[in-house]
Amino acid sequence: MTQTNTARALQPTWQPLCSLADLVPQSGVVALHQGEQVALFYLPDTEQKVFAVGNRDPKSGANVIGRGIVGHLGGELVIASPLYKQHFRLSDGGCLEYPEQTLPTWAVRLNGEQVEIA
């Protein structure tokens, strides 16, 4: 593979997911992406602005992460599961209390008024 082809293969493929107007600042909403529920968190005061993690709580199996509370814990930006209150990092989906629990994450960005996911 040439250097140009390698660089092209490493670039994410962005797909429209929803509009910015669908998001609620400082809160979560849930969207369906390729058959999976994705919890989107719009945090306009942060550098990244939008985060995307799996909506399924790994401890309970319930699709509730999008209803969690956003906060800071131990210097990390986290979402607290509304059922068992475990905290997941929005940056990588890792759980602070139970390292064996993780949420899938997606690359997400704002492109004008469109939210795109890769």
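What percentage of the 118 residues of the protein counts as buried? In this predicted model, 36% of the 118 residues count as buried, where buried means under 20% relative accessible area, exposed means over 50%, and partly exposed lies in between (1.4 Å probe, protein chains only). Residues are numbered from 1 along each chain as its sequence is written, and side-chain values use heavy atoms, with hydrogens and water left out. Because the model is predicted, local features need pLDDT of at least 70 and side-chain atom pairs count only at pLDDT 80 or more, while totals for chains, interfaces and linings use all residues.

The protein contains one helix and ten strands. Helices (H or I, at least four residues) and strands (E, at least two) are DSSP runs, numbered from the N terminus. Along the sequence, the elements follow the pattern α-β-β-β-β-β-β-β-β-β-β. The radius of gyration is 15 Å, close to the 13 Å that the globule rule gives for 118 residues, so the protein is as compact as a globular protein of that length. This radius is taken over C-alpha atoms, and the globule rule is 2.2 Å times the number of residues to the power 0.38. Taken along the principal axes, the C-alpha atoms fill a box of roughly 50 × 35 × 30 Å.

UniProt, in an unreviewed entry, places the feature "domain: Rieske" at residues 15–117. UniProt positions are given here in the numbering of the model, feature names are shortened, and annotations may be inferred rather than shown by experiment. The span of residues 15–117 is 0% helix and 46% strand, and its end C-alpha atoms lie 5 Å apart.

Strand β1 (residues 15–19) includes Cys18. Cys18 counts as buried because its relative accessibility is 13%. Its C-alpha atom is separated by 19 Å from that of Pro104, which is 86 residues away along the chain.

Strands of a sheet pair through backbone hydrogen bonds, either parallel or antiparallel. Two strands are taken to pair if DSSP finds at least two bridges between them. Strand β2 (residues 27–33) and strand β3 (residues 36–42) run antiparallel and are joined by seven bridges. The hairpin of β2 and β3 has two residues between the strands. Gln34 lies in this loop and takes a positive phi near 50°, although Gln34 is a residue other than glycine. With a relative accessibility of 66%, Gln34 therefore counts as exposed.

A positive phi of about 75° also occurs at Lys49, which is not a glycine. Lys49 lies in the loop between β3 and β4 (50–54). At 31% relative accessibility, Lys49 counts as partly exposed.

Three strands form an open antiparallel sheet in the order β5-β6-β7. The edge strands β5 (69–73) and β7 (87–89) each pair on one side only. Neighbouring strands of this sheet are turned by 40° against each other on average, direction ignored; axes are lines fitted to C-alpha atoms, for helices over the stretch in contact, and angles run from 0 to 180 degrees between N-to-C directions. Strand β6 (residues 76–80) is joined to β7 by three bridges, and Ile79 stands opposite Phe88 in β7.

Lys59 lies over the face of Tyr84, at 4.7 Å from the ring centre. A charge sits over a ring if NZ of Lys or CZ of Arg is within 6 Å of the ring centre and within 35 degrees of the ring normal.
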